[in-house]
Every structure is written in C-alpha cells, then in structure tokens.
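Please open the structure in the viewer and keep the selection tool at hand.

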Amino acid sequence: MPKKQPSPWSRYLPPGLTLGLGVGLSLLAFVLIWNWENRRRDYEFNRRIDDIAIALERQLNSDLDAILALGDYMKTSNNVERSSFSRFVARPLSIHSSLQILAWSPLVTNTKRGDYEDRAKIEVDPNFQIVEPDSLGKLARTQEDEEYFPLYYVEPLTENQGILGLDLASQLGTKTVLERARDTGEIVISSNTPINGGVNLIVGDRAGDGLLAVVPIYQNGTQPNTIASRRNSLKGFVLGLFQIKNIFQSSLKGRNAEYINLYLSDLPPEKLALSKLSKPAIPAPSSPTQNEKKHFTILYNPSTQQLIPAQQQAKLLAKLSCPIEDDNISQEIACRRILKISGQEWSLYILTTPEFRKTQKYWRSWGSLIMGLLWTLIPVTYMLTALDRTTQIEKLAEETANQADKLQQAYKQLELEQIKSEELLLNVLPAPIAQRLKDDEHNIADTFANVTVMFADIVGFTELSARISPSELVGVLNDIFSAFDHLADKHGLEKIKTIGDAYMVCGGLPVPRADHAEAIAEMALDMQHEIRKLSVHHNEGFSIRIGINSGPVIAGVIGLKRFIYDLWGDTVNIASRMESHGMTGCIQMTAATYELLREKYYFEKRGTIQVKGKGYMTTYLLIGKKTDIK
C-alpha cells in the first residue's frame, strides 16, 4: 500500500478556519430552523393520526355491535322464524353500509339433516339443501358427515340466494373460525379473503375483501364455562360479513387521507413480526392446527381505495415510512395507535407514501444553509479543490490495495464454504444419492422390492409442548431424535425424515441388504430402551408408538429447493397406519414383517384390527429377541 505523504498543515490553516467557522454557523442555523419545522410537522401529523384512529375505532365497534345485538336476540329467542329474523336485521343492514351479510347458521347433526332440509324447503326456499363447493367451485349437495353448519337464514336474501344452505364446516378457513368461536364462547373476527386464509362468501361483482364476525349461540341462551360444555351445548352461529373497504371509506370520509396508507391488524403490537421486507413467501404445505386463529393484516390505500395484501411487518414499515422523528419514542410507536375493538387490542399504523415526503417543505432551513455556505465556500474553493484531488488519488490507491486483500479473503472463504456445502449435502442425503446429484443426474427414482419401513411417534408430546417453553421443547425433541439418529447409524439404517414429533427410518435402501427387517427390529427395541433412559434424564414419562411394515417402495429425490430423499408406496402408508393404530409403548408390525422375523424374535399376536384405507389386517406386537428372553 502506498504511503501517504504528509502536507504542511500551515497551508490549510487559513482556509480551514474560515471554512470551519462559516460551516459551523450555517449548520447551527440550519439545525435550529429544521427542528422547528419538524416539531410543527409532527404536531400536525399526530393530530391527523389521532383523528383517523378514533374514527376507525368507532366505525368498527359500531358495525360489530350489530352482530352482537343479533347474537343477543338469538340467545333470548328459542325459536326464531324467518320473518322475525328478517325484520330484526333490516335496520342494521340499512344503517351500516359496510354490512353485506347477516346470517344464522345452526348446528345440524347428520341424523337431523333430512328434517332440517324438509323444514327449510317450507320456511326458507323450496330448493333448499345443504351444499358445499365442488372441485370446480360450484355448489353441490354435501356428502354425509357427523355435523353441518348450513347458512339457514341469510339477509339480504335477494343478493345472497345462491349461498343458502352452504355448509360452512366444509370450508377449512371458515371451519377454523367457527371452532375457535365455539370453544372460546366469544366473538371471533377473521378476514374473509383468500389472502388471509379465509373463504369468500360473496361471489360475483359484489365480491371483495371482507371482515367475518362470528358469535356462538348455545342452548337455552346460556354461556358454558368449559370447552367441553360449550361443544356439547352449541346451538349455532350468528355471522356478519363486512366490506373492509367500506369501513375504511366511512371512517375517512371528510378527513385528510392524502399520501398515507393504513395498516390494520387484529394482532396487538407486541405480536407483529419485525422482519425484513420481502415478497410474501409461499408457505410450505402443512395441516392447520385445530382452533388456530386466522389473523388478518390489511394495508389500505385511500388514494386508490384499494386493499393490498400485507404481511405482519408493520413495525419495519413504520420505521421506513413514519415521518415523526421524536427522540423520546421510536418511530413505529409514533405512527401507531391501539384500537379497542370488542374488548381486544388491534394495531393501526399510519404509513406515508413516497409522495408524502415530497410534500414536506423545508425551504427556511435549507435557504439559511445555502446562503451561509455560499458566503463561506467562495474564498476557499480553489484550495479545497486542490486538497480534494490529492485526497482522491490517495484514496484510490488505498481502495485498490484493499480490493486485492478482499479478493484473496473471498477466495479462501469460498474454499471453506465449498467444504461446508459438501458436508451439509451428506447430512441431507445418503452418500450414493448425493454423488448422483453431483453427477448432474436430474431424475433420481429407484424401485426397491424388499425394504422395511418404521414410523415412531412420541406419545403425549403435544401435551408436553403446552407445559414447557419453546426452547425446552426443542431441546427435549433434539435429545430424543439425536439418540434415534445414533441408533440408525449403529444399525446401518437410513433415516428418511422427521415429521413434527414423528420419526421415519428405513432399512434396505439406498443399498439393498438381506437383513433389513432384522435391523429395523433391533433399532425398534433399542429405541424403547433409549426412550426409558431419556424419561429418567428429563424427569418426564416419555413413551413411543412404533409401526413397522415390509414390502416394495419407490425412493427418489423430487423438487428444486430443499429436496429430500423420500419414499412412496403402499408399504409406507401401511407402516404409518401401524404406528397410528398402535398401542403406547408397543412395537406393532404387519404379517409381512412378522414372517421375516418369526424365527428370531418373540411376538404377541394382537389380532385383527381395522386399518384406514386397508380394511381389516392381522398385526403382531414385537416382544424381544429370542436370545435375549429366556
């Protein structure tokens, strides 16, 4: 690196003093005037936020009161006829412009389905029947189920004739909302838009982003205290569907909403994620948890009167777009208001658009700074230009040397990352499969005629997760699965994957072996021994169910990202059924595996059980190895 040559400091003293004094006074004037302009802007913007927040809170609570009033009416009336229902909801529908639907959905058991449909054909519609959307999105008669929640009364009827009899329980998004309302006994508010996991009840030209409110109604107008009693005494649900866009429009009517966006969420601020801004990721397929609340996050643009899908990133959005710069509070708090909606805390963030910044004028502060700098820079322009040229040359030489060092470090880092990538690939895939991928083999799929598949599930792990912290839960699960991984290596078996608290392992692939069933049996017995040791270590009563089956499978790697080595075939499905239909603490296997092991192991015949999708099957419980049990 070239050595910087010092310059005589005396040459820079006169222009330096002049420049420092002039710039200092100019900056001081600029900061004072700038702060004054900011305080004035913050005061005006705070008043604007408060006005919008109060109006939106009043509008939402007013609209939801219509749903609660209908719920109280249904609680106090044992048998509400259609005419009474229509008269009662006529006034709320006429007053609340955002209210699109008011409906009553009773609980109908399968045994009473025929009676309900016959009565509805007389009271509601001659063509009434309980329906659900088919694969093409058209409404067809619902298949038999234990219970239904059809739309029995719907107002206004003329616009919503087509959804009469729609079974809300047939749609996963709506069913989750109903189950949560039933179990909590409280009003549940959820988005009725596909972007938030909901289902559109409105179709055609009137369809749009909706706010679905559900109130549970119990028998005799009571309010049960326990979840079990609520489920047993459920009578039905009162539903209300609001047009979110209309709620915003009514709240902002007559108010200054230029150059702002409104971010509304039914989550309190502490539960909103502070994450990097990114395009919404495509979620991995998963089974929804029962009674999991569907939260909604809506971004509304008053200028275009459009609703924009939004992730839970309000805090970061507020940091980037909140114009208030108060040192005493963070920016996301300054642009945030807490709304009290039906006893719950919602979050409202006022986010400014890029055009908002352009409307902010600081001509006084900038004018003072420019004038001061002009009077300062004129006498020292030449000297500063010369100094700047010298500095640029030295900086260029230094940057060149730094770039060379960085390139060398990057090359070394690349070598280390390549080694890590090799190790990581071997942790994800079997070595033969990994080598085939590196050889640019695109379609990896093999058929194995004889393998043994085992599924193991930790019994009671869901209850344990409710009692301990997330970090402790992950630590326990890591200890158990790490012990299982060591056993898989010990017996030369291939771990396929873990699914929640379930563990899947296979013997006889990717390299075939004749003793695949025996190796699986040995690992299953060792797993029972290992889980007892972990129970003592963690002071928890762990136990596992194990299911085993033998037969042919297809194995391969699919996808482009996060691929894994996976198995397919009836053998895998039956092994999973052996685990799910098994007994706690026992190793259950099919007759196919039993025939491979009967000479070396002791078994207890469980008998014939009904297996989902397979009918009745004879299963056996593995007791132990004959050389170990005397």
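**First stop: the second largest pocket**

The lining of the second largest pocket comprises 10 nonpolar, five polar and five charged residues. The model shown is a predicted one. The space in this pocket amounts to about 450 Å³. To find the pocket, select N78, P106, Y116, R119 and K235, which are the closest to its centre among the 20 residues of the lining.

Next, colour the elements that contribute to the lining. The strands β1 (99-106), β2 (108-109) and β9 (234-243), together with helix α3 (113-123), each supply at least two residues. Which of these elements gives the largest share? Select α3: three residues of the lining come from this helix, the largest share.

**Second stop: the largest cavity**

Select L56, L60, L211, I244, I247, F248, L264 and F296, the residues that line the largest cavity. The space inside this cavity is about 40 Å³. How does its lining divide by class? Eight residues are nonpolar, while no polar and no charged residues are present.

Two helices, α1 (13-76) and α6 (244-252), each supply at least two residues of this lining. The largest share, three residues, belongs to α6.

Two packed helices are described by the angle between their axes and the distance between the axes. Here the axes of α1 and α10 come within 8 Å and cross at roughly 175 degrees. Because angles over 145 degrees count as roughly antiparallel, α1 is roughly antiparallel to α10. The contact of α1 with α10 has 13 nonpolar, seven polar and three charged residues.

**Last stop: V89**

Finally, select V89, which is found in helix α2 (residues 82-95). Is V89 buried or exposed? Its relative accessible area is 1%, and because buried means under 20%, V89 is buried.

Show the surroundings of V89 as well. Apart from neighbours within four places in sequence, V89 is in contact with L70, L102 and E155. Then select I67: V89 and I67 are separated by 22 residues in sequence, and their C-alpha atoms are 9.4 Å apart in space.

Notes
Residues numbered from 1 in each chain as written. Predicted model: local features only at pLDDT ≥ 70, side-chain atom pairs only at ≥ 80, totals over all residues. Heavy atoms only, no water. 1 Å grid on protein atoms, 1.4 Å probe; cavity = no way out; pocket = protein on both sides within 12 Å on 5 of 7 lines; lining within 4 Å. Points joined across faces, edges and corners; volume = space filled by probe spheres on them. Helix = DSSP H or I, 4+ residues; strand = E, 2+ residues; numbered from the N terminus. Nonpolar A, V, L, I, M, F, W, Y, C, P; charged D, E, K, R; others polar. Axes fitted to C-alpha atoms, helices over the stretch in contact; angles between N-to-C directions. Parallel < 35°, antiparallel > 145°, perpendicular 65-115°, else oblique. Buried < 20%, exposed > 50% of the residue type's maximum accessible area, 1.4 Å probe, protein only. Contact = heavy atoms within 4.5 Å.
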